[in-house]
Amino acid sequence: MSAAVPTPHLPESALPSPRSAVADPDRLAAIASYRLGGHAGIADLDAVVAYMARTVEAPIAMINLVGPDEQCYPAEQGAGAPYSHVPDELSFCAYVVALRAPLQVADALDHPVFRDNPAVAAGAIRSYLGVPLIDEDGFVLGSLGVFDDEPRAFSRAEEGLLENQVRLVRSVLSLRRQVAAHCWDKGLLAAQGRTLEAVAAGLPLESVLETLTSSTAALAVDPDADQSVRLRQTVDRLTAVATKADGWKQALLRSARQDPLTGLANRSHLLDTGRAALAVGGAVLFVDVDRFKEVNDRGGHAVGDQLLVRLADRLRRHVEKELPGAVVGRLGGDEFVAVLPGVDAAAAEVIGHGLAAVLVDEVEVGRRTVRVSASIGLAIAAPGTTLDEVLSLADRAMYGAKERGRGVLHVLRRTGQPAQVERQASAGGGSRRA
């Protein structure tokens with residue numbers, strides 16, 4: 001070996017405390033970004049420490065990532081453990097971090113600081129040579145070091161050998177971090193793709209969010225600071241996209257189901273849901289607004305539309321209050337239908353009479369006041385009766401109400417025989433449907 005040339009170092013009494021340097025949060029974040037633990041099993045790093053031990057002829061060689069009061073050995077030879085927990089003030093490698101320079105201790109047992117190191121006190125270590133492991137971003141991650149169990153002055157050539165190995169270790173760690181970052185980025189893109197596919201497929205919002213959560217679960221395990229920010233931003237953005245898309249979908253669904261003027265079920269949705277609702281039997285109310293044509297002709301479509309909106313709202317409120325499971329919709333023009341599932345004739349008649357009472361209004365058209373009401377036909381449906389049959393009966397019953405003076409409820413049984421249950425609800429005038 002080359003002749004011993006002491007590594008320049010501070011006087012032993014002038015060694016600074018390494019604790020603040022070791023605990024620097026940016027440095028610790030840099031260490032975490034490499035995702036290395038003790039005994040990492042990386043062949044290139046294992047080869048480095050084997051080469052150091054063999055060439056320097058030292059029984060112990062290691063790559064040490066230094067944390068507060070903890071030393072992590074991704075690769076080591078002779079230490080026999082993946083970690084150690086020596087206080088920073090007694091750790092050789094912690095001082096290398098603080099000094100950002102090589103450190104040589106020829107006889108640790110005579111050293112005022114290191115003689116209290118547990119391994120020194122136990123006789124396992126007497127001398128040390130370490131050089132700082134500085135990564136491509138300038139952070140001192142730890143050290144590359146060798147230990148001997150006898151007093152020894154290491155040579156400048158041996159120090160140079162360790163510094164050459166630092167370059168190799170830095171390259172290995174840099175490549176490893178780049179590969180890990182690439183894999184993480186690839187995973188983030190895949191999670192985004194799966195989530196957007198779920199949105200495009202029109203899955204329910206809950207299913208889309210479950211896809212997002214499951215797709216990003218692995219990415220949320222110990223990300224670095226930058227990845228944490230990117231992950232949170234991506235999740236927030238995709239959640240907003242999914243929520244907005246669901247809002248559009250619900251709006252389109254409402255548009256396909258709702259009458260645009262009144263907000264009630266439109267004809268198509270009314271018939272579809274009404275058929276299902278009548279499977280258990282029940283009744284149908286067919287509502288026609290009396291004298292609507294006069295209002296529309298004299299007052300204009302805007303006045304007529306306003307009247308329909310008011311009456312539709314009263315219709316919905318009254319029926320839903322009396323029977324929450326009812327289906328209420330606009331069949332077209334001034335005709336409305338309420339499907340009452342599961343009710344008997346008496347209950348349906350009560351609802352119908354109440355409805356005739358609330359669907360009375362007065363509209364100013366020019367210099368005249370038109371008093372409007374609603375003629376209502378009621379048909380009872382036994383279980384299994386089709387909606388088309390009952391709707392036809394209710395329509396005929398509504399015409400019967402018109403013939404009886406408007407503003408009344410008229411019931412038509414399945415046999416076509418009317419039941420005498422008319423009750424005048426308004427003083428509307430006229431004898432034919434208007």
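**View 1. Domain 1 and domain 2 of the predicted model, with their C-alpha centres 44 Å apart.** The domain assignment, whose bounds come from an automatic or database source, divides the chain into domain 1 (18-178), domain 2 (199-255) and domain 3 (267-411). Residues are numbered from 1 along each chain as its sequence is written. Because this is a predicted model, local features need pLDDT of at least 70 and side-chain atom pairs count only at pLDDT 80 or more, while totals for chains, interfaces and linings use all residues, and side-chain values use heavy atoms, with hydrogens and water left out.

**View 2. Helix α6, residues 156-200.** Helices (H or I, at least four residues) and strands (E, at least two) are DSSP runs, numbered from the N terminus. The expected span of a helix is 1.5 Å times one less than its number of residues, so the 45 residues of α6 should span 66 Å, and this agrees with its end C-alpha atoms, which are 66 Å apart. After α6 comes G202, which has a positive phi, near 75 degrees.

**View 3. The largest pocket, with a volume of about 320 Å³.** On a 1 Å grid over the protein atoms alone, a pocket is an open set of points where a 1.4 Å probe fits, with protein on both sides within 12 Å along at least five of seven lines, and lining residues have an atom within 4 Å of a point; the volume is the space filled by probe spheres set on the points, which are joined across faces, edges and corners. Of the 19 residues that line the largest pocket, Y73, S84, V86, A119 and I125 lie nearest its centre. Two or more lining residues come from each of β1 (60-67), β2 (70-77), α4 (92-99) and α5 (118-121), and β1 gives the most, with three residues.

**View 4. The hairpin of strands β10 and β11, with two residues between them.** Strands pair if DSSP finds at least two bridges between them, and β10 (residues 361-365) pairs with β11 (residues 368-372) in the antiparallel sense over five bridges. V363 of β10 stands opposite V370 in β11, and G366 in the turn has a positive phi of about 65 degrees.

Methods
Buried means under 20% relative accessible area, exposed over 50%, partly exposed in between (1.4 Å probe, protein chains only).
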